[in-house]
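These are my notebook entries on a structure that I had not examined before. I set down what I looked up, one topic to an entry.

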Amino acid sequence: MSTEALARLAEERVDHRFKGLPPDADGLTVGELAAQRRNLFTGGFATPVLALSAERLEHNLALMETYATRHGLAFAPHGKTSMAPQLFQRQIERGAWGITLAVPHQVRVAREFGTRRVFLANELVDPAALKWISTELDTDPDFRLVCYVDSVRGVELMDAALQGATRPLDVVVELAAGEGARTGVRTEAECAAVADAVAATRTLRLVGVAGYEGEVPQADPERVHAWLRRLVALAVDFDKAGRFAAAGLDEIVVSAGGSAWFDAVADVFAEIPELSLPVLKLLRSGAYVSHDDGHYRKITPFNRVPEEGALEPAFRLWAQVVSRPSAEQAFVNAGKRDAAYDLDLPFAQVVRRDGAERPATGVSVTGLSDQHAWLRTGPEADLEVGDWLGMGLSHPCTSFDKWQLIPVAEADGTVVEYIRTFF
C-alpha cells in the first residue's frame, strides 16, 4: 500500500459532503478533526451518524488473521465490503495476501492506494478495463492481478483486448456452484475447454481454479463440502493434464470462501494433495471486518465452531427521535439513505438521553422511508423526542456504501479516526 496516498486522506477538508460530522468542523482537515478526539455524543456530531467501534474493528481484524494462519490459508479479504483503503491497509498489515475485488472501478481505487495484489472475483471482458489493467501490469512489475474466466467467448474477448501486452494476465477457471447458480462453468468438460482456450493465447496465463460456495443451491454443510471437493478435484485434474505448466508459474491458485462457509473451505482445502507446484489456498471472506447484527451474525461459521472465537458487530447507526405521534409509534431521522435494508431492517438497541444509555426495551423498527425509520413502541418503551437511538445493521456491504467518511469511536465515544470509502 502507498503510505503517501493514505496520508493524503488526512489532508482532505471536512465539508458538506460528509454527513453526520460536526458542522463546526467545516474547513478542518480530516487529520485535524481526528486529532481533536471529539466525543461522538457531545462533540457536535449531527444525526444521523454511522460509527464503527474501534475495539470491535480491531478484534475482527485480529480474529480472521489468526483463523487464516491456524488453517494454513492465504487471505485476500473482499474489499467490495468496505471500499476503504485504510481498512485494506490494516488487513494487509494483518497478513492478507492481497485484496479481492469485483469490478474494474474497485481495482482502480485499490491501485490508487498502492495495492499490489488483487484477486478479481469476476469475469472481465471490458476492453477499456483490460487495456488499463494491462498497462498497470506492464509498468509495475510488483503488481499482480488474477481474475475469473468461465467461457471460451470470454477468453476470445480478453485476448483481443490484450494484444500487445508485455505481461500475460493471470486467470483462474471459475467453477459454477451448480445449475442455476451465478457465474461459472457448469461442467468439468466445459472447464477443460475454457482452459484449452486460455492455453491457445499468449495474453492469458492459467494459474488455478476458483469459485464461490455461497451460491451452492440449498446450501448446507454436506452440499458445500461436496462442491468444494469438486473444485479441488478440478485443480488436481488440471495439474495431472499439465495445464499449469505455463512459463514462470511458481504456484497454483485454488480459491473460494465467502462469509458463510469459510469453515468448510478450511476443511476441504486442508485435504488438497501435493501438486506439481505449491498451492496458494486463497480465502476471500470480506464481511468479517465490521460483521453485523443481522444476516451475518446468523450465518457466520463461528456459530458452528465457537471454540475458534466470535466476530463482533462493529457498526452502530445513531439517529434522533424527531416525532412521537402516539404511544405506539415514533420516528427517527435515519432511513434508506443511511441504513442497510436489503436483508433486514435495522435493530433498535440502545437509547441515549442526558448522557445515560439504556437498552431500547419495547422499541422495534418496522419500516424505512427515505429519511425516516418507523418505530413501534410498546408500553414498556421509554422514548421521547430528542432521544438518540442506537441501531444495529444487517449486511456490511450495503452499510459502508451509504457513508463517505465514517467516524471510528472508542467505547467511551472518543472518535479516534475517520474511515474514507470510495464507492
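**Entry 1: helix 5.** I began with helix 5, residues 104–112, in this predicted model. I asked which of the residues in helix 5 are buried. They are Gln106, Val107, Val109, Ala110 and Arg111. I then looked up what covers these buried residues, and the list includes helix 4 (85–93) and helix 6 (127–139). Strand 3 (99–101), strand 4 (117–123) and strand 5 (144–149) are also included in that cover. After helix 5 comes Gly114, and I noted its positive phi, near 85°.

Entry 2

Strand 5 and strand 6 (residues 169–174) are joined by four bridges in the parallel sense. Within this pair, I recorded Asp170 of strand 6 as the bridge partner of Val146.

**Entry 3: helix 9.** I checked the length of helix 9 against expectation. The 20 residues of helix 9, at 1.5 Å a residue, should span 28 Å, and the end C-alpha atoms are 28 Å apart, so the two agree. I then listed the buried residues of helix 9: Val224, His225, Trp227, Leu228, Leu231, Val232, Leu234, Ala235, Val236, Phe238 and Asp239. Their cover includes strand 6, helix 8 (188–199), strand 7, strand 8 (252–256) and helix 10 (262–269). Just after helix 9, I noted that Gly242 has a positive phi of about 75°.

**Entry 4: the cores.** I asked how many residues the largest nonpolar core has. The count is 126, and the residues with the most contacts inside this core are Met64, Leu101, Phe119, Leu169, Leu228, Phe238 and Phe269. Helix 9 (residues 221–240) contributes the most to the core, giving nine residues.

Leaving aside residues up to four places away in sequence, Phe269 touches Leu73, Leu228, Leu231, Val232, Val254, Ser255, Ala256, Lys281 and Leu282. I also found a second, separate core of 19 residues, among them Ala25, Leu28, Phe45 and Ala409.

I then identified the neighbours of strand 17. Strand 1 (residues 49–53) pairs with strand 17 in the parallel sense over two bridges, and Leu52 stands opposite Val408. Strand 18 (residues 415–420) pairs with strand 17 in the antiparallel sense over five bridges, and Arg420 is the bridge partner of Leu405. The hairpin of strands 17 and 18 has five residues between the strands, and I noted a positive phi near 95° at Gly413.

**Entry 5: strand 16.** In strand 16 (residues 388–392), too, I found five of five residues buried. Trp388, Gly390 and Gly392 point one way, and Leu389 and Met391 point the other way. Strand 10 (residues 315–326) runs antiparallel to strand 16 and is joined to it by four bridges, with Met391 as the partner of Leu317. Strand 12 (residues 347–353) also pairs with strand 16 in the antiparallel sense, over five bridges, and Phe347 stands opposite Gly392.

**Entry 6: cysteines.** I searched for disulfides, and the count came to zero. For Cys147, the nearest cysteine sulfur is that of Cys191, 15 Å away. Is Cys147 buried or exposed? Its relative accessibility is 0%, so I recorded Cys147 as buried. Cys397 is also buried, with a relative accessible area of 11%.

Conventions:
Residues are numbered from 1 along each chain as its sequence is written. This is a predicted model: local features need pLDDT of at least 70, side-chain atom pairs count only at pLDDT 80 or more; totals for chains, interfaces and linings use all residues. Side-chain values use heavy atoms; hydrogens and water are left out. A nonpolar core is a set of buried Ala, Val, Leu, Ile, Met, Phe, Trp, Tyr and Cys residues joined through side-chain atoms within 4.5 Å. Buried means under 20% relative accessible area, exposed over 50%, partly exposed in between (1.4 Å probe, protein chains only). Contact means heavy atoms within 4.5 Å. Two strands pair if DSSP finds at least two bridges between them. The expected span of a helix is 1.5 Å times one less than its number of residues. A disulfide is a pair of cysteine sulfur atoms within 2.5 Å.
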